[in-house]
Amino acid sequence: MEFRTYSSPHLPATGSVSRMMGFVLLALLPGSLCAVWLFGWGVLINILLAGLAAIAAEAAMLAARRRPVLPALQDGSALLTGVLLALALPPLAPWWIPVIGSLFAIVIAKQLYGGLGYNPFNPAMAGYVVLLISFPLELSLWPATGRVLDLQDTLLLVFSGSLPDTLTLDAITMATPLDAVKTHLGLSETLSEIQGSGVFGSFAGAGWEWLNLWFLLGGLWLLQQKIIKWQIPAGMLAGLFLTALLFYAWNPDIYASPLFHVFSGAAMLGAFFIATDPVSASTTPHGGLYYGLGIGVLTYVIRTWGGYPDGVAFAVLLMNTAAPTIDYYTRPRVFGHDGS
Amino acid sequence: MAERANIQNASQQTFDRFYRFHGGLKLAGHRELTVTVPIAPADIPPLLVLPLLQHIGEPAEALVKPGDSVRTGQMIARPVGMVSAPVHASGSGTVVAVEPHPVPHPSALPADCIVIETDGRDQWLEAAGGLPDYRSAEPQVLLERIREAGIVGLGGAGFPTRVKLASGKRAIDTLIINGAECEPYITCDQRLMRERATEIIEGVRILQYIVQPEACTIAVEDSMPAAETALRDALEMLQETGISVTRIPTIYPTGGERQLIKVLTGREVPSQGLPADIGIICQNVGTAAAVYRAVCMGTPLLSRIVTVTGSGILSPRNLEVRIGTPLSHLISACGGYTQDVERLLIGGPMMGYAVNSDAVPVIKTTNCILAVTREEMPAPPPALPCIRCGRCTEVCPADLLPQQLYWYAHSDNYDAAQDYDLFDCIECGCCAYVCPSHIPLVQHYRHAKTEIWAQEKQRRKSDLARQRHEARLERLERIKQERAEKMASKKQALSQDAGGPDPRQAAIQAALERVKRKKEQAGVSPGNTDNLTPEQRQQIAAADQRRAAQQTGDGQAE
Amino acid sequence: MLTALLALGTLAAVIGLVLGYAAIRFRVESDPIVDQIDALLPQTQCGQCSYAGCRPYAEAIAAGEAEINQCPPGGAATIQALADLLGQDPKPLNPEHGVHSEKTVVVIDEQACIGCTLCIQACPVDAIVGAAKQMHTVIASECTGCNLCIPPCPVECIHIVPVKATILTWTWPKPADSSTLEAKHG
């Protein structure tokens with residue numbers, strides 16, 4: 001009797017890429033809902049626009065490269081890139097912001113390098129940084145937490161750029177806690193003076209602390225499900241926390257507290273969802289720690305002394321360049337070798 | 001990172017502590033199909049096909065030719081060199097061919113085999129007999145018996161046992177008997193331990209006598225309680241205190257020699273080295289039982305236990321099979337195939353290979369036949385690109401970076417793959433099993449390894465061809481040179497003596513003068529004209545007269 | 001202006017001296033390039049590259065007189081290796097010089113051989129054993145498959161046979177996009 005031949009191992013496959021991406025999207029759900037609660041419909045519109053643009057861009061690029069389109073779309077990586085980008089963008093940004101960002105992320109930062117698995121840089125962060133540098137004004141307009149626009153007004157603002165007569169941009173936008181702290185410190189105020197101004201909430205920035213907390217919980221679930229490894233988030237949070245602690249201990253008046261840093265901006269989103277993007281991160285176990293540490297330290301440096309209120313995106317991209325070197329120097333000792 | 005024990009001189013090797021190797025997987029055992037069914041003997045098939053290469057090393061050399069009649073147990077191929085093993089007829093009958101025949105190998109290529117048409121009578125050769133009192137013999141004698149019996153490692157690798165037992169390196173302090181059958185579906189070793197524990201232990205005793213270790217243990221997994229009990233009972237019955245039984249955690253691939261040694265002793269076998277380098281020998285339980293039969297009963301290796309299992313078999317079970325039996329015969333003995341059978345594997349589901357035909361024979365290293373339906377093992381989904389998730393690194397028992405090996409093997413960068421220790425890969429399949437992109441990683445590594453070997457072979461051949469070519473050019477050059485010299489000296493001789501006396505005459509004259517001078521120098525004169533008798537003087541005078549007469553006659557004639 | 005000129009000039013001179021010193025002091029002796037190129041060639045000595053053997057071809061490549069894609073027995077693998085060594089771009093094999101084919105050796109049909117030694121004189125690696133009026137035979141393990149012995153043979157008794165793969169020389173095929181194994185023969 002004749003049989004077909006296959007390659008070993010022959011036991012049925014367990015995990016899959018689409019399952020991994022699916023889990024990550026699920027883990028983003030609590031944080032995303034919190035964002036909608038804090039900032040309004042704009043978050044959902046961003047997610048929709050960015051997600052659709054990402055999928056469309058991926059399909060178009062794969063067709064142009066003559067690769068099979070449907071299997072690649074089914075792995076969910078394009079959708080995830082779009083969603084992560086959307087969560088990083090201000091919810092009141094015009095509609096073309098998430099679209100351009102997604103297009104850049106998928107077409108240039110991912111497909112032109114070879115598609116899934118070949119990009120050296122995190123596509124979502126590459127898209128975000130391009131937007132930040134090209135359209136700095138649009139990317140600094142965060143809504144005031146609690147002053148949520150209704151759906152109709154949000155759609156109007158996002159798609160036509162105009163507000164109803166009763167509202168002005170000033171009335172509905174507010175600086176993020178990081179932005180506020182940076183500005184006030186720049187004006188030589190001390191943190192204790194800023195304390196009273198409503199920037200801070202219970203343990204970190206107002207509103208943003210809850211957002212980060214939900215992302216933290218989602219991330220911990222991902223860890224428990226073994227979708228991500230603990231080294232990168234631990235490294236990043238440790239890097240950020242310890243560096244902040246160092247400076248805070250030195251001068252608490254002009255350096256924000258470590259707790260503030262760890263629960264503000266994109267710290268938790270970055271630690272569990274962005275820095276852990278397997279394609280662009282370090283891949284050895286020890287390397288993940290150093291990679292995460294580097295991101296944490298760089299984030300703090302950019303936040304404190306750099307030109308932007310949040311440094312996660314730049315930090316991730318900078319450490320992406322270092323990932324191959326980190327991998328090279330953190331190769332594990334092979335079984336039966338001396339360790340030299 | 002898994003720790004290592006710093007034990008160099010393990011005279012106090014105990015087995016009460018387990019070390020961990022990095023990675024590994026907990027797999028579903030799939031053993032219930034066959035583990036409770038006793039071993040049944042398979043009958044001798046009408047045709048036995050015995051490959052000359054069933055082991056690691058040089059193929060054996062056939063001693064029989066078509067038409068010869070052979071008896072069961074007769075050596076029909078002798079070992080060639082040190083690392084080789086003989087082949088014995090596993091049934092009596094007539095040799096019908098010594099020719100290439102399909103053999104169990106992933107390539108489906110043929111190899112030289114001896115084909116025997118059995119006569120159904122199973123007539124055994126009158127053997128030299130066993131040596132039940134083996135302690136009265138020198139270990140060397142027992143080693144010879146083991147070699148003559150054709151015993152090779154029955155755990156799957158097939159290394160000639162005699163070579164392993166006496167590799168001549170440093171003294172052995174630990175003997176490990178491997179009963180840790182870690183691949184799913186396979187139960188042949190387990191059944192052997194449950195049914196023939198005394199044979200195994202007797203075999204281990206013989207090995208102990210040869211190797212003289214300080215510590216000896218049989219490793220069983222904690223998922224085999226019945227096997228463990230059987231061994232302990234047998235040890236008690238035989239009142240054996242020098243062999244212990246160690247129960248180890250069931251993690252794939254603990255049954256691999258290097259991983260088992262690490263788990264039991266904490267020592268790591270050096271890369272590209274042997275366990276004997278660190279004073280350890282590891283033998284499979286089946287090999288131990290075969291050693292007992294060879295030494296104490298004088299029976300060469302003619303049969304082995306094979307697990308025939310999977311959803312593609314009607315009545316899966318373990319069979320005691322004569323070496324050379326075609327797989328199709330075994331499967332019929334187990335009720336035949338089920339309806340939707342789609343894949344046929346030799347070996348286990350992790351490291352075994354698929355074959356496209358059941359016409360190949362069982363050889364000494366065939367431990368399992370796995371026939372499965374599409375439902376049990378669906379066709380793997382197409383491979384996606386590597387997303388660099390690192391799960392493969394997490395499970396690799398050799399502490400490698402399978403991801404990097406994949407990237408380099410995939411892009412044919414063999415130098416870099418070797419740099420990342422490609423040849424330390426044991427091909428266990430853990431990495432491919434967890435890969436979310438379903439990349440056939442093990443096949444990539446196997447491809448890279450065989451390509452590297454082929455390239456090295458080619459390079460050696462090229463170097464040899466270059467040497468031969470250069471030698472040939474040198475030889476031609478030398479011949480040309482010699483000819484030119486001869487020509488030149490001839491020309492010179494001609495040009496020197498142009499117009500003078502005939503050079504040949506001159507040469508003869510010169511030679512005569514040389515001889516004369518030598519004679520004078522040596523003071524030699526022919527001594528045969530001294531001390532002549534008067535008769536001799538008369539004869540000489542007569543001859544002189546005759547010569548003188550002839551000369552004047554000549555002169556007158558002229 | 002002057003200070004700038006002086007400063008840059010001095011800097012250039014100093015760095016130039018340092019580099020010059022390093023070039024001499026830390027020089028690494030490596031094989032001449034011809035040897036390195038020759039080491040990558042398959043040593044078939046067939047002459048299909050239009051040179052009299054592998055060494056002359058290597059010398060021609062080193063002198064820049066020959067392209068790296070002229071060796072059919074080496075095939076794409078050799079072209080790639082040469083490209084890597086010389087820092088050039090790999091090119092496809094030049095079809096004017098032949099096509100890359102499976103490895104072959106030659107066999108002399110002993111019934112037809114007349115013992116003329118013409119093939120022995122032609123073999124670049126002396127892989128044919130024999131003498132005048134004696135039987136000639138090819139040492140298969142030394143034959144490089146160059147086929148230079150075939151034209152001189154007056155009775156056409158030399159035949160090309162492919163080298164068959166055995167289970168010891170077989171290589172696992174590289175996985176394609178699907179994971180179906182197909183046995184690679186040769």
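Mentor: This is a predicted model. Let us begin with chain C, where 56% of the contacts between residues at least 6 apart in sequence join residues at least 24 apart.

Trainee: How many helices and strands are there in chain C?
Mentor: Chain C has five helices and four strands. Along the sequence they run α-α-α-α-β-α-β-β-β.

Trainee: And what is the radius of gyration of chain C?
Mentor: For chain C the value is 25 Å, well over the 16 Å that the globule rule gives for 186 residues, so chain C is more spread out than a compact globule. Along the principal axes, its C-alpha atoms fill a box of roughly 90 × 50 × 30 Å.

Trainee: How much of chain C is buried?
Mentor: Buried residues account for 25% of the 186 in chain C.

Trainee: Into which domains is chain C divided?
Mentor: Chain C is divided into domain 1, covering 33–97, and domain 2, covering 102–172. Their C-alpha centres lie 24 Å apart.

Trainee: How many residues are in contact between those two domains of chain C?
Mentor: Six residues of domain 1 of chain C are in contact with seven residues of domain 2 of chain C. On the domain 1 side, the residues divide into one nonpolar, five polar and no charged.

Trainee: Changing topic: what domains does the assignment give for chain A?
Mentor: Chain A has domain 1 at 16–170 and domain 2 at 175–329. The centres of these domains of chain A, taken over C-alpha atoms, are separated by 21 Å. Their contact takes 25 residues from domain 1 of chain A and 26 residues from domain 2 of chain A.

Trainee: Which helix gives the most to the domain 1 side of that contact?
Mentor: In chain A, helices H1 (17–39), H4 (77–88) and H6 (123–134) each supply at least two residues of the side of domain 1 that touches domain 2. H1(A) gives the most, with ten residues. By class, this side of domain 1 of chain A has 20 nonpolar, five polar and no charged residues.

Trainee: Now chain B. How many helices and strands does chain B have?
Mentor: Chain B contains 15 helices and 17 strands. Its radius of gyration is 37 Å, whereas a compact globule of 558 residues would have one near 24 Å. Of those 558 residues of chain B, 50% count as buried.

Trainee: How many residues of chain B and chain A does their contact take?
Mentor: The contact takes 51 residues from chain B and 37 residues from chain A. Strands E15 (341–346) and E16 (353–354) of chain B, together with helices H12 (430–434) and H13 (441–496) of chain B, each supply at least two residues of the chain B side. The largest share of that side, four residues, comes from E15(B). The side of chain B that touches chain A has 31 nonpolar, eleven polar and nine charged residues.

Trainee: One last item: why is H10 of chain B largely enclosed?
Mentor: H10 of chain B, residues 402–410, is largely enclosed by the rest of the structure because seven of its nine residues are buried. Among them are B:Leu405, B:Tyr406 and B:Tyr408.

Trainee: What covers the buried residues of H10(B)?
Mentor: The cover includes helices H9 (391–395), H11 (414–419), H12 and H13 of chain B. H10(B) is followed by B:Asp412, which has a positive phi, near 60 degrees.

Key
Residues are numbered from 1 along each chain as its sequence is written. Chains are lettered from A and ligands numbered from 1 in the order in which they are written. This is a predicted model: local features need pLDDT of at least 70, side-chain atom pairs count only at pLDDT 80 or more; totals for chains, interfaces and linings use all residues. The radius of gyration is taken over C-alpha atoms; the globule rule is 2.2 Å times the number of residues to the power 0.38. A residue is buried if 20 or more other C-beta atoms lie within 10 Å of its own, exposed if 12 or fewer, and partly exposed in between; C-beta atoms are placed from the backbone. Domain bounds come from an automatic or database domain assignment. Ala, Val, Leu, Ile, Met, Phe, Trp, Tyr, Cys and Pro count as nonpolar, Asp, Glu, Lys and Arg as charged, and the others, Gly among them, as polar.
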